[in-house]
Amino acid sequence: MDKWKFYDITHADHLYCNPLSAARLEEVMGLLDPGPRAQVLDIGCGRAEFLIRLAERFGVSGVGIDKSPFAIKRAREEA
């Protein structure tokens, strides 16, 4: 079995593919104050949920990088 396909299946219900809770990531976002023209690099972005939320909240642009083609496909669909 393709390990990335397995990863995609096992993380299908996770909003963030991260060991932190959604509340903790919201707390982290509350500490940030990027300008609207800021650029964000999210390495290991998973489905890019955090990056997408940063863009929605602060108007930043960004690039997400992940090894999983399934995660990147989902990130593009969501973005």
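This is a predicted model: local features need pLDDT of at least 70, side-chain atom pairs count only at pLDDT 80 or more; totals for chains, interfaces and linings use all residues.

E49 counts as buried because its relative accessibility is 17%, and buried means under 20%. R53, at 25% relative accessibility, counts as partly exposed.

In general terms, side chains of opposite charge can pair when their charged atoms come close. The structure holds five salt bridges in total, and two further examples may be considered in turn.

One of them lies in helix 2, which spans residues 22-31 and contains both E27 and R24. These residues are three positions apart, about one turn of the helix. Their salt bridge brings the closest N and O atoms to a separation of 3.2 Å. E27 has a relative accessibility of 46% and is therefore classed as partly exposed. R24 is likewise partly exposed, with a relative accessible area of 43%.

Another example is found in helix 4, made up of residues 69-78, where E77 and K73 are four residues apart, about one turn of the helix. The side chains of E77 and K73 meet in a salt bridge with an N to O distance of 2.7 Å. E77 is exposed, its relative accessible area being 52%. For K73 the relative accessible area is 52%, so K73 is exposed, the threshold for this class being over 50%. Beyond individual pairs, salt bridges that share partners join E26, E49, R53 and R57 into one network.

The description now turns from charged pairs to a loop. Where is G59 found? G59 is located in the loop between helix 3 and strand 2, the latter comprising residues 61-65. With a relative accessibility of 44%, G59 counts as partly exposed. When residues up to four places away in sequence are not counted, G59 touches P36 and L54. A further relation concerns P34, which is 25 residues from G59 along the chain. The C-alpha atoms of G59 and P34 are separated by 8.9 Å.

How values were computed: Residues are numbered from 1 along each chain as its sequence is written. Side-chain values use heavy atoms; hydrogens and water are left out. A salt bridge is a side-chain nitrogen of Lys or Arg within 4 Å of a carboxyl oxygen of Asp or Glu. Helices (H or I, at least four residues) and strands (E, at least two) are DSSP runs, numbered from the N terminus. Buried means under 20% relative accessible area, exposed over 50%, partly exposed in between (1.4 Å probe, protein chains only). Contact means heavy atoms within 4.5 Å.
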